[in-house]
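Below is a short briefing on one protein chain.

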Amino acid sequence: MDDDRLARIALTWLFEPGTRAVFGLVERFGAVGGLQRLLAGKVPDRRLRATVESRLAAGDPWQVAHSAAQQTERLGARLVTPADAEWPARMGSLKGLAMGGADRRVDQETAPPLCFWVRGACSLGEALQRSVAVVGSRAATSYGLHVATGIAFGLAERDWSIVSGGAFGIDAAAHRGALNAGGLTVAILACGVDRPYPMGNAALFDRICDVGLLVSEWPPGAEPLRPRFLIRNRVIAAATAGTLLVEAAARSGATQTLRRAIAMRRPAMVVPGPVTSAMSVGAHEILREYPEARLVTGVPHVLEEVGRLGTDLAPPPRGPQRPQDSLDDESALLLESVPRRGAFGPDVLAARAGLDLRTTLRKLSLLEQVGLLVRRDGGYALTPLATRPAAAPSAQ
């Protein structure tokens, strides 16, 4: 690796990703120049100087970077930086990300990544170009798992990549839905790509690595520390064309991901859940708090939000079509006037419907032609088609 890549690794080891002051130094002086200034103590920020002094007690940043580069190569992984063609273009949106009323450091330090570690053969940029993030609760309900799997499957069938965090619950369901459709899925991790977390999803991570991508801002060997999941969430929101929240409790990191998407003016979508479920509280609060968050119930709604303007429109919801639906008012009234059992003459039916006999005869002929009435015993009777209940609408 060249010095720029090594310097980015060293900076990632010195500071947690997203640190705005570090990103500013790299933008101004380059990765090597920014690292040199930090190591020489030539930065005005006392917090940065204190962090560097503390980390230097654990090792030399350049040596750590060389070791991480060697480990990356042994893993068959690669380091992707903004100088590479596969760098995802949407990462630039994080430059202007500002969370309203941010009082926590994780809501303030939301700068773009300096680099990514990637495992998998696909181009990172191409995989994320047509992508949707599907996030939600780890303790998902059967309803949430069903919805997440179905939507991910449908989007993957339509050549959209599914991005999530690899966690239990909704994340895993979304990844599996995409894989089952033969589509592409990307897991953005909060630890090294050599130790995906949780280990209970190890087989899933192996499948993703084979046909999709494992991505991380942290070097190989990095532990899945709790704050890193919140740091990681900004990348999920920024990398994709839109973010879908399937289920979330009142305190859920998944809602934080959606709030970052909203702050970047990206499509933010929420699947409604039962009002009696604790796993729906956070999702419903997003819909109440943010008018720009859209309620979606399936693949057509998602495509309408993230697809081509004016083209990927969801069809209006309709019930099943029946022959009765095309009848004019008089024909419909006459049909409703025919008793369910027995055959009745035109004069009786005219009286029941309140129509003149001439109109009744004309409409009876029409109803017979479309198969809703049959002539029998000198009168007219309903056919099975007219008495059959409407079929239940499809879940697709």
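A residue counts as buried under 20% relative accessible area, as exposed over 50% and as partly exposed in between, with a 1.4 Å probe and protein chains only. The model is predicted, so local features need pLDDT of at least 70 and side-chain atom pairs pLDDT 80 or more, while totals for chains, interfaces and linings use all residues. Residues are numbered from 1 along each chain as its sequence is written, and side-chain values use heavy atoms, with hydrogens and water left out.

**Overall form**

- The protein chain has 17 helices and 11 strands, where helices (H or I, at least four residues) and strands (E, at least two) are DSSP runs numbered from the N terminus.
- Its radius of gyration is 30 Å, well over the 21 Å that the globule rule gives for 396 residues, so the chain is more spread out than a compact globule.
- That radius is taken over C-alpha atoms, and the globule rule is 2.2 Å times the number of residues to the power 0.38.
- Along the principal axes, the C-alpha atoms fill a box of roughly 105 × 40 × 35 Å.
- Of the 396 residues, 51% are buried.

**Sheet**

- An open sheet of 9 strands has the order β1-β2-β6-β5-β4-β3-β7-β8-β9, with mixed pairing.
- Its edge strands, β1 (78-80) and β9 (294-295), each pair on one side only.
- Two strands pair if DSSP finds at least two bridges between them.
- Strands β3 (residues 131-135) and β4 (residues 161-164) run parallel and are joined by 3 bridges; Val132 has Ile162 in β4 as its bridge partner.

**Largest pocket**

- On a 1 Å grid over the protein atoms alone, a pocket is an open set of points where a 1.4 Å probe fits, with protein on both sides within 12 Å along at least five of seven lines; lining residues have an atom within 4 Å of a point.
- The largest pocket has a volume of about 1,000 Å³, the volume being the space filled by probe spheres set on the points.
- Its lining has 35 residues, and Leu230, Ser252, Gly253, Ala254 and Gln256 lie nearest its centre.
- Helix α11 gives the most to this lining, with 9 residues.

**Cysteines**

- The structure holds 0 disulfides, a disulfide being a pair of cysteine sulfur atoms within 2.5 Å.
- For Cys191, the nearest cysteine sulfur is that of Cys209, 13 Å away; Cys191 is buried, with a relative accessible area of 2%.
- For Cys209, the nearest cysteine sulfur is that of Cys122, 10 Å away; Cys209 is buried, at 18%.
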